[in-house]
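This report covers a disulfide, some backbone features and a pocket. The model is shown below.

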Amino acid sequence: MKIKPGAPALLVSLALITLTGCGMNDSSGSATPSGSADSAEAPLVGTSTSRDAADAVEKASSELYDLIGVKGKGSESRSGVMECEGKDPATYFKVFHPWSFYPASADQLDEAMERLKSELPKHGWKVVHYEPDTSQAKNLVLTADNTERKYGVSVVQMKKNDPPKLSLTVVSGCYRVPEGKEVDRF
């Protein structure tokens, strides 16, 4: 998979927006409105090693792949670790998993987005944003939060890409590393 130099930064930015500005914002796991006083704080997920948290986020991505429900191929990508804003980076971390879905036929992109929009709520996700972005391409963007699992996902439909694709980023809330362990950054 070829990635343009600015793509990873864009994906991480989209992922951060998912958890910090769209509803899943307090440590109790209850949703708070965007723009509230604590909207910059990601929810606390629990205690985990970086590797176990990364495996869990990749499992969530796999579940999303199944919800897309159209024939196609997912990109091979690994998750990464980032800091939790305002928390000790030696103790707290988030994981993110950027990946792409390439449908067998470009005309299936709309069907894939519609399926995600309708299927996500049936699986514990709340769609908090579904509209075109402000880019020249007017890419359709879906953002959803899962308050129980404390994950967010951003899906960008990129019809004008060659090849056309869905660009997905799943991001977790903040994990605390177990006592005696270190945050493994990858």
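## Disulfide

The link of Cys84 and Cys174 is left-handed, with -135 degrees about the S-S bond. A disulfide here is a pair of cysteine sulfur atoms within 2.5 Å. Cys84 and Cys174 are joined at an S to S distance of 2.2 Å, and the structure holds one disulfide. Cys84 lies in the loop between strand 3 (80-82) and strand 4 (92-103), and Cys174 in strand 9 (residues 174-176), so the pair ties together parts that are 90 residues apart in sequence. Helices (H or I, at least four residues) and strands (E, at least two) are DSSP runs, numbered from the N terminus.

Cys84 is buried, at 2% relative accessibility, and Cys174 is buried as well, at 3%. Buried means under 20% relative accessible area, exposed over 50% and partly exposed in between (1.4 Å probe, protein chains only).

## Basis of the model

This is a predicted model, in which local features need pLDDT of at least 70 and side-chain atom pairs count only at pLDDT 80 or more, while totals for chains, interfaces and linings use all residues. Residues are numbered from 1 along each chain as its sequence is written, and side-chain values use heavy atoms, with hydrogens and water left out.

## Backbone features

Most residues other than glycine have a negative phi, and most peptide bonds are trans. Lys138 has a positive phi of about 55 degrees and sits in the loop between strand 5 (126-132) and strand 6 (140-146). Lys150 has a positive phi of about 60 degrees and sits in the loop between strand 6 and strand 7. Lys138 is exposed, with a relative accessible area of 51%, whereas Lys150 is buried, with 12%.

A cis peptide bond, with omega about 5 degrees, joins Asp162 and Pro163. Pro163 belongs to the loop between strand 7 (151-158) and strand 8 (165-172).

## Second largest pocket

The second largest pocket has a volume of about 160 Å³. On a 1 Å grid over the protein atoms alone, a pocket is an open set of points where a 1.4 Å probe fits, with protein on both sides within 12 Å along at least five of seven lines; lining residues have an atom within 4 Å of a point. Grid points are joined across faces, edges and corners, and the volume is the space filled by probe spheres set on them.

Helix 2 (50-68) and strand 4 each supply at least two lining residues, and helix 2 gives the most, with four. The lining includes Glu58, Tyr65, Arg78, His97 and Trp99.
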